[in-house]
Amino acid sequence: MSEPPPAGDAVAAKEQDERRNFAEAMAWDDRLLKVTVQKKKGKIGWVRDVATLRVDEVAPGGAAEQAGVKPGMKIVEVNGEMVESDEDCTRALAAAADNFTLVLDTAEMYDENYKVTLSKEAIERARAMTLEEQVLADERTTNGVDLFMKNEYLAAEKIFEESAETDPLAGGAWTLVAVLRALMSFEEKDMKEARRRISLAQQVSSQIAPAEGVASSVKNLLGLGSASKPPITNSQLRAKVTHTDVSILRAMLYLTEDSVFSWLRASLGLRKGYADVESLAKQVSHAVKQYVKSGKKLAPGQSPGAGKPPNAACAPREGDQPGQWGSEVYDLFEYNTIAGIHFGLGAINLSLSAMPQKVLTLLSMFGFMCDRDIGYENLTYAYLSDGARSVPAAAVLLVYRGILPSFASALIPSSLPEAEKLVETLLSMHKDFAVYLWAAGRVSRLKRDLASAVSYLEASLTNGNKIEFPQLAHLSYYELAWTHCFALDWEKAVRYFKMLHAESTWSKIFYAYCVGVCHHELGSDEEAKVWLLRTAEVSGKRFGGKTISVEQYIARKVSVWTRAGFAKESMGLPGIELIMHFNAFCQMPMDNLRTVLDTVQTQLNHRQAKYNDSYFRSQPEAKLPYEAEMVVCMELMRANCLRELGKVDEARKTYCTIEERHPNKAWKKQFSEETWALPFAQYDHALLCLSEGEPDAAVKHLQAAEKYKDFNFEMPLALRIHLTRDHIGHKKKEQETERKSSKPDDGKDKKKWWDIRR
């Protein structure tokens with residue numbers, strides 16, 4: 001595997017070469033506009049967005065307007081120099097003479113309300129296609145999918161975009177690329193483009209296959225449609241499936257927002273999507289049934305199996321449920337569309353299974369209960385199709401098998417074998433696809449194999465194309481930074497955090513804080529102070545009108561340290577605290593955990609000379625000084641290290657001590673800064689109970705954690721609690737099923753699935 005990218009001037013030179021190559025490769029793309037601008041009195045006559053480099057306003061009669069510049073265009077190049085930041089642009093413009101050239105990307109001009117209207121001829125042509133004609137027409141889009149998996153992202157997008165305004169499959173693929181960018185970056189410009197493409201794909205699909213009336217939809221869903229009604233055609237089905245699938249992608253964008261309201265909005269969207277896709281599955285069943293009943297008669301010129309997938313592994317077995325049919329289905333419908341139904345059924349069931357309990361309770365009032373196993377099975381069919389739905393299906397599976405367990409470590413033992421198997425299969429299909437290599441890095445980290453994680457993540461960077469897909473490169477930087485933090489290699493970690501701070505627009509505050517904390521761990525106190533103070537110099541990231549949780553945490557920490565003059569005594573162990581928040585201990589090698597435990601114990605030995613157990617118990621409801629709050633945080637770090645090292649009795653004693661000294665009723669009286677410590681202590685205690693085969697005790701601690709409100713990382717903790725409780729319920733159900741179907745339990749395997757230590 002390759003080494004991490006070189007730092008400093010070598011990186012800058014390498015990336016400038018990449019940018020020039022990119023500009024030359026894009027010369028064929030008609031969305032790029034090249035203009036010559038003549039400054040008027042040294043002015044250009046525009047206002048640009050410094051974050052996105054889009055032109056926000058153009059002064060009437062100014063140099064920019066006369067040259068053909070319009071609002072919404074994105075600045076790509078100034079006088080032959082590629083620009084990726086406002087600093088690049090300002091420097092290039094300052095160096096330019098009165099006459100200079102600009103290259104602008106006109107694709108940025110479209111907004112979310114962009115309307116597309118298909119001609120009558122286009123609609124009729126789409127509806128009249130036979131299955132063979134459709135499969136042949138889809139080869140262009142399928143080629144685009146292949147290019148995407150070969151990391152030729154822009155070439156793939158160009159293919160999808162060619163037909164996005166006339167063909168649902170191409171529009172869905174084009175939309176997926178934008179959604180992937182948005183989910184990787186969380187940046188508003190990417191979210192905006194994803195929403196625009198979703199709207200376009202839905203418009204195209206709706207015009208080819210208009211939505212049914214409410215009564216008809218209900219009848220189809222309940223299986224009460226008229227037996228004499230003509231079965232749904234392939235063209236109708238592919239349009240409706242695309243409409244539903246992109247609706248699911250829209251709901252997934254809501255899931256990125258740190259608020260219950262957004263999650264509820266996503267859940268209701270997924271609930272409607274499930275009703276739609278279930279209705280389509282029933283219509284497919286009706287069509288297959290009518291076809292078999294007719295003696296499998298096809299229209300003249302049609303041949304059996306014309307729509308079958310290239311990969312036989314995804315061919316459904318006779319009688320499988322739900323929404324899975326025998327091989328006859330490919331006599332009537334093409335595989336990309338059938339895979340779309342599997343994707344819809346799978347993605348919705350898995351996405352809803354991760355919703356907070358309050359949201360699931362609300363959905364159950366409408367008669368909907370998600371089934372995780374149905375989700376896994378359908379998504380497996382979809383990704384094995386190796387078609388247009390393969391990437392989104394694999395992505396959802398990777399999130400649930402390989403990403404979510406890193407947030408809720410109780411899931412790791414049951415998820416890890418499946419995650420390893422999934423990654424192995426995906427890489428056997430597309431060994432160089434940067435997305436799958438990135439996922440392999442995440443899964444390696446779940447095994448505590450940090451060296452392999454670094455190798456896979458570096459391979460993702462090497463094989464990917466940073467210029468064409470910067471969001472994925474930044475995601476690899478992000479994971480490399482954390483992997484080096486987990487290895488306690490702060491020097492390598494700080495390199496990647498600095499690159500993210502320079503290149504990514506998502507939370508400059510967070511990246512500056514991470515750089516500062518790494519410098520603190522390296523002993524570079526002045527450098528740490530410089531970076532930590534930078535967190536107050538930029539505006540924060542907001543979702544749903546609220547500052548994101550991690551920035552609230554950072555603002556509070558830096559404020560405390562500023563008041564204390566950044567004295568070492570006031571800062572404690574910010575690096576270890578930060579990686580604990582990002583669930584490092586369940587992903588760290590044991591030797592690293594022992595190093596962390598020794599570091600924490602040394603600090604505690606020093607601080608507990610004053611803030612010991614007797615001190616805390618002597619004033620049960622008094623407001624604690626910040627130094628005392630830090631001691632409680634360090635006690636929690638110690639307990640978590642002990643738990644992961646298998647020192648259960650010591651860990652349990654520490655959890656119990658924290659809970660007894662600081663009961664919920666005295667919580668806000670005692671703590672003013674580190675209010676997160678007590679709810680997290682209850683959650684972490686629940687994990688220890690699970691490791692010891694005590695699920696009922698674990699549930700009690702999860703319930704105790706839920707009673708705390710209004711603290712940093714409240715929503716992430718709510719997700720962890722839900723995932724852990726859901727895991728307990730699912731395993732109890734499995735155990736009960738096994739008990740009923742097997743010989744009497746002799747108790748030997750009682751702790752098998754509860755053991756969360758690897």
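Okay, let's start with R448, which sits in the loop between α19 (434–446) and α20 (450–463). Keep in mind that this is a predicted model. R448 isn't a glycine, yet its phi is positive, near 65°. Is R448 buried or exposed? Buried, with a relative accessible area of 11%.

There's another one like that. D386, also not a glycine, has a positive phi of about 55°. You'll find D386 in the loop between α16 (372–384) and α17 (390–403). D386 has a relative accessible area of 23%, so we call it partly exposed; the cut-off for buried is under 20%.

Next, a helix pair. Helix α23, residues 508–521, packs on helix α27, residues 574–581. The angle is about 130° and the axes are 8 Å apart. Roughly antiparallel would need an angle over 145 degrees, so α23 and α27 count as oblique to each other.

Who's touching whom? From α23 we have Y513, C514, V517, H520 and E521, and on the α27 side P574, G575, I576 and L578. Sorted by class, that contact has six nonpolar residues, two polar ones and one charged.

Let me stay with E521 for a moment, over in helix α23. Its relative accessible area is 25%, so E521 is partly exposed. Leaving out residues up to four places away in sequence, E521 touches W490, L573, P574, G575 and I576. Take L573: it is 52 residues from E521 along the chain, but the two C-alpha atoms are separated by 8.1 Å.

Now the core. The largest nonpolar core has 203 residues, and the ones touching the most other members are I341, Y436, W482, F497 and F585. Helix α30, residues 626–644, gives the largest share of this core, with 12 residues. As for F497, its contacts beyond four places in sequence are A481, W482, C485, Y511, C514, V515 and C518. Apart from that core there's another one, of 22 residues, including V55, V58, C89 and F100.

Last thing, confidence. Mean pLDDT for the chain is 82, with 83% of residues at 70 or more. Where does pLDDT stay under 50? One such stretch is residues 220–227, where the model has 16 contacts beyond four places in sequence. Residues 313–323 are below 50 as well, and that stretch has 27 contacts in the model beyond near neighbours in sequence.

Terms used: Residues are numbered from 1 along each chain as its sequence is written. This is a predicted model: local features need pLDDT of at least 70, side-chain atom pairs count only at pLDDT 80 or more; totals for chains, interfaces and linings use all residues. Side-chain values use heavy atoms; hydrogens and water are left out. Axes are lines fitted to C-alpha atoms, for helices over the stretch in contact, and angles run from 0 to 180 degrees between N-to-C directions. Helices (H or I, at least four residues) and strands (E, at least two) are DSSP runs, numbered from the N terminus. Angles under 35 degrees count as roughly parallel, over 145 as roughly antiparallel, 65 to 115 as roughly perpendicular and the rest as oblique. Contact means heavy atoms within 4.5 Å. Ala, Val, Leu, Ile, Met, Phe, Trp, Tyr, Cys and Pro count as nonpolar, Asp, Glu, Lys and Arg as charged, and the others, Gly among them, as polar. Buried means under 20% relative accessible area, exposed over 50%, partly exposed in between (1.4 Å probe, protein chains only). A nonpolar core is a set of buried Ala, Val, Leu, Ile, Met, Phe, Trp, Tyr and Cys residues joined through side-chain atoms within 4.5 Å. pLDDT is the predictor's confidence in each residue, from 0 to 100.
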